[in-house]
Structures are given as C-alpha cells and as structure tokens.
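Open the model in a viewer and keep the selection panel at hand. The stops below go from one selection to the next.

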Amino acid sequence: MTLIEKVKNRERLTQEEGEALYELDLFTLGELADEIRQEKFGKKSYFNINRHINPTNVCADVCKFCAYSATRKNPNQYTMSHEQILDIATNSIEKGAKELHIVSAHNPNDGVEWYMGAFRKIREKFPSVHIKSMTAAEVDFLHRQYGLSYDEVLDQMIENGVDSMPGGGAEIFDEEVREYLCKGKVTSEQWLEIHEKWHNKGKQSNATMLFGHVETRAHRVDHMLRLREVQDRTGGFNAFIPLVYQKENNYLKNCNYPTGQEVLKTYAIARILLDNISNIKAYWATSTINLALISQEFGANDLDGTIEKEAIQSAAGAASANGMELEEFIALIKNSGFTPVERDSLYNELKVYEKN
Ligand code: V47
C-alpha cells in the first residue's frame, strides 16, 4: 500500500512514514490533511477571546531562542504584583475575555505563593474565568527551586484555581537539540511526565513544538510521535500548537528558518500524524495571520485567540504585542471562506458566526 493510500485509509503512520510525508508536494499533502480536517470540523475554524498575561521576565534558565527573559539582551526586568495581575485580569474580563493565559519566566525571587496567590485572587474575584497557566517548564522550575514534588505543585495549582495547562516549554523533544537550545530546563521526559500526571488528575492541557531553528524534519516527527504516545494513554491533550521560531533579539543564530511551504507542510503533517489530538492550532502570533488563514486549508482548525497583549514571541519579532481586534479576526476568518466559531478553552462551541 502506498503512503497516500495509508493516509486515506486513516492508518497510523510510523516515524519513517511521517518523514516521507515531507517529501510529498505541498498540495497533495494539503489535500490529505484538509480531508481529515473537513471530516472532523467541516469549514468551522475555532478561536477564543483570551488575554495573555506574562507576569515576570526574570528567569533562572537560559534558553538560546528566548528574547523575553530579562537576563541577557533585554535589560528591562519586571515582576508584577498580585494587584497588577488582578487589575489586568479585571480589565480584560470586563472587555469580554473568557480565558487568562498566564505564562511567566522562571523567577527565583518570587516563591510558590506568588504564583498560587495570583491564581487564588483571580479565582475569588472571577469564579468562571478559565485560568490556563503554568507550563510544564514552570512546574518543573517550582519543583527544582522549592523542593516540591510534581504532584504537590500540580495539586496546589488545582486547589488555587488553575483549570488547564498551556503547551509551552516543550520546544523540541530530541535530547541533543534540546541540550543545545535550553540545557538545564525541564527535560523531554519530565515535560511529558508532568502532562501525564496532570491528565491523570482529570485535567486537560495543550502541547507546543518550537520549530524552524536548528532541528530537522525527523526531529519534528519524533516530537509529534512522543506526544501521540502519551495521548494514547491519557487523551488529555486538547490541541497541538506548532510554534514558528522568531529570530530577533536572542542568541540562536544560523538557523534553517522555514519557508511558508515548510510551515504549511508541518501543520498538515501534524494533522495526519496526530490522529488522537483533535485540534491543530495555527498560532497566528508566530505563523503570521496570513499563513494562519491559509493553514485552515492545510489541516489547522484553530487560530488561538484575540490575545490582547503578548510579550514572549513579540520580544523575538512576532506581531502579537497588541493582539487582534475581535471584529477583524472574525472578518478575516470569514473572508478566507471559513466559519468562525468562538469556543471556550476546552473546545466547547460558544457562538457560531454564520455568513452575513
Ligand atoms: O515554550 C519562546 C515559545 C513558548 C520564542 O497552550 C518562542 O494555547 C517562537 O506556551 N519564537 C511559550 N516561540 C508560549 C506558550 C503558548 C503560546 C500559545 C498558545 C499556547 C497554548 C501556549 O513560547 C515557549 C517557547 O517555545 N517561544 N521564544 C521565539 N523566539
């Protein structure tokens, strides 16, 4: 049976077959991925109304790709107080945000209560907002810094109101590349272990992959297959999010920056390989909105959200610092031939925007 027939029969692919998908021409690959996407979602494209909050940029870890951390090229350190975090949350929720996406650097000066107290205060004031916070890298940082077990950190997150975990910190699972990119940070095995533990507590999370730097196509396929394996056991990943590497203001040079074709191929291959993760998110902040809109025909069914403010990728050159207006976002999705659907953080449909 040929590779294309296998995909059409919805058979599971191996590492070698995943790599071979990259050799197909873009449009063949796009059609294969689109068929699966349409089978699951038709022409619906999901987004949410969210607010990214990045409460500190002081970091004990050193990742070559990071332009956000204050310790190197960016000398402007900041750490928000609980009151500042709560003010931002209040302002965004009053304007309609239903999800707070809170991701920080690994600040050794703050203590566990700085994290947990912020969640608790938000939860006390806003019982129904969805708090998506604490990447596995942050969980591992609290474990290393304060001697708590992973279970203890995760249980405290639940007690204080965290609903789901974002997908950050996954980078690329291949150990050699990871060592080069972000030595000392959460290992691949630990990242997967933390998410599996979280899922086993009845909670859901996302998974990212940072690509377009020094990794190979084989590393990307390997990354996706390691996620597929955990997902077989837990079913807890909501979405897979390939993050396109942004190259400004950091220490990771001499990269194989991907072409638009390579980005679209990667979305399409994610859709085909990850037969057990429903949602493939084209995070427009790193792919650009133009490519995110096109990726809707190459397997992606989710475009993240309006964001409002974002500090991590925009520090490295992405156009996401000030988010996107809701009306514009909806119009762009409609004009690209898709039906915008506002979702909640766990992918329940809230509002379908039919054509006018
Ligand atoms: O893990 C850092 C990435 C991630 C760069 O779960 C960079 O819905 C590109 O977790 N170029 C954090 N990316 C962001 C994150 C996230 C984002 C969107 C949606 C979700 C979700 C989660 O940002 C880090 C890292 O991989 N990052 N530097 C850079 N130069």
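Partly exposed here means a relative accessible area between the limits for buried, under 20%, and exposed, over 50%. The model is a predicted one.

Start with E349, which has a relative accessible area of 38% and is therefore partly exposed.

Next, select R10 and E39, whose side chains form a salt bridge with an N to O distance of 2.8 Å. E39 sits in helix α3 (residues 26–41), while R10 is in the loop between α1 (3–8) and α2 (15–21), and 29 residues separate the two. Which of these counts as exposed? E39 does, because its relative accessibility is 55%, a value to be set against the limit of over 50%. R10, at 33%, is partly exposed.

Go on to E113 and R120, where another salt bridge spans 2.6 Å from N to O. E113 is partly exposed at 44% relative accessibility, and R120 is partly exposed at 31%. Then select E23, E215, R217, R220 and E262 together: salt bridges with shared partners join them into one network. The whole structure holds 28 salt bridges.

Now show helix α15 (residues 326–335) and colour its buried residues, F329, I330, I333 and K334. They lie on the same side of α15, because they cover an arc of only 130° around the axis. In an α-helix, residues three or four places apart point the same way, because there are 3.6 residues a turn. On the face turned away from the buried side, find the exposed residues E327 and N335.

What do the buried residues of α15 pack against? Select β1 (44–48), α12 (284–287), α13 (289–295), β9 (302–305) and β10 (339–343) to see the contacts. After α15 comes G337, which has a positive phi, near 95°.

From G337, move to T187, 41 Å away from C-alpha to C-alpha and 150 residues apart in sequence. T187 lies in the loop between α8 (175–182) and α9 (188–200), and is partly exposed at 37% relative accessible area.

Finish at the largest pocket, which holds about 310 Å³ of space. Its lining has 15 residues, and T306, E308, M324, E325 and L326 are the closest to its centre. By class, the lining comprises 4 nonpolar, 6 polar and 5 charged residues.

Technical notes:
Residues are numbered from 1 along each chain as its sequence is written. This is a predicted model: local features need pLDDT of at least 70, side-chain atom pairs count only at pLDDT 80 or more; totals for chains, interfaces and linings use all residues. Side-chain values use heavy atoms; hydrogens and water are left out. Buried means under 20% relative accessible area, exposed over 50%, partly exposed in between (1.4 Å probe, protein chains only). Helices (H or I, at least four residues) and strands (E, at least two) are DSSP runs, numbered from the N terminus. The arc is that of the directions from the helix axis to the C-beta atoms. Contact means heavy atoms within 4.5 Å. On a 1 Å grid over the protein atoms alone, a cavity is a set of points where a 1.4 Å probe fits but cannot get out, and a pocket is an open set with protein on both sides within 12 Å along at least five of seven lines; lining residues have an atom within 4 Å of a point. Grid points are joined across faces, edges and corners, and a volume is the space filled by probe spheres set on the points. Ala, Val, Leu, Ile, Met, Phe, Trp, Tyr, Cys and Pro count as nonpolar, Asp, Glu, Lys and Arg as charged, and the others, Gly among them, as polar. A salt bridge is a side-chain nitrogen of Lys or Arg within 4 Å of a carboxyl oxygen of Asp or Glu.
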